[in-house]
Amino acid sequence: MIRSALVIAAASVALSGCALLSSPDPVQLYRFGGASAFAGTGATSACPDVHVSMRRVDFPEAARGDRLLAVTGAEAAYIMGARWVSPAETLFEESLRNAFLDGAACTVLSNGPLTRDGLLLSVDVRRFEAVYAAPGAVPDANIVILLRLVRPGDRSVVAEERISVSENAGENRQSAIVAAFDRAGAEANRRIVTWTDQQASQATAK
């Protein structure tokens, strides 16, 4: 009888331990940058190559890393159960470099030292967030970027530009929000490449 009571007690402790060690909620991984800024058509070079070095893309502190930032008014939080497959700043820079390969007519991104007549491109992402007009509303994927093209020799600013892109998610679901970021990122990349091409070509023609 005593043996039976001990067995029951041990089983009860084991079950309570299982409850305490329950597995965490699953996390879904997402990526953006799959949408081509130029629909994979490439570009026909109609001007001399302009060599541009791009500084590492700068991201706001709150949007760095693998969490998806959401903003409602003055409140900010991270979307529960969703993560980027790599840090957002890494995915953004990879997609932008691919956009230059696909769509730049004049600009050649260089990973090496600047050439004598080369230029330096700074890409400062100021906002990369899902913006809710009200709690539970359908959000917009919002991206705001400051661009600067500089002559490294004398540090003179060739051109500056502010780019703002907003894409509505259509639904308040993780997959829909990620798709909106993908579209917004592609449009931002298209504008960056087009602007850089135009400004760099004009700068080298002077």
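1. Let's begin with the largest nonpolar core, which has 53 residues; such a core is a set of buried Ala, Val, Leu, Ile, Met, Phe, Trp, Tyr and Cys residues joined through side-chain atoms within 4.5 Å. Trp 84, Phe 92, Val 123, Phe 128, Ile 145 and Ile 192 have the most contacts inside this core. At least two residues each come from S2, strand S3 (67–72), strand S4 (75–84), helix H2 (88–103), S6, S7, S8 and helix H3 (174–205). H3 gives the largest share, twelve residues. Helices (H or I, at least four residues) and strands (E, at least two) are DSSP runs, numbered from the N terminus.

2. A word on the source: this is a predicted model, in which local features need pLDDT of at least 70 and side-chain atom pairs count only at pLDDT 80 or more, while totals for chains, interfaces and linings use all residues. Residues are numbered from 1 along each chain as its sequence is written, and side-chain values use heavy atoms, with hydrogens and water left out.

3. Strand S2 (residues 50–54) is mostly covered, with four of its five residues buried; buried means under 20% relative accessible area, exposed over 50%, and partly exposed in between (1.4 Å probe, protein chains only). S2 pairs in the parallel sense with strand S5 (residues 107–110) over four bridges, and with S6 in the parallel sense over three bridges. Two strands pair if DSSP finds at least two bridges between them. Val 52 stands opposite Leu 109 in S5 and opposite Leu 119 in S6.

4. Leaving out neighbours within four places in sequence, Val 144 is in contact with residues including Asp 124, Val 125, Arg 162 and Ile 163.

5. Finally, the largest pocket is lined by 17 residues, and Arg 55, Ser 122, Val 123, Arg 148 and Val 150 lie nearest its centre. A pocket here is an open set of points on a 1 Å grid over the protein atoms alone, where a 1.4 Å probe fits, with protein on both sides within 12 Å along at least five of seven lines; lining residues have an atom within 4 Å of a point. By class, this lining has six nonpolar, one polar and ten charged residues, with Asp, Glu, Lys and Arg counted as charged, Ala, Val, Leu, Ile, Met, Phe, Trp, Tyr, Cys and Pro as nonpolar, and the others, Gly among them, as polar.

Notes:
Contact = heavy atoms within 4.5 Å.
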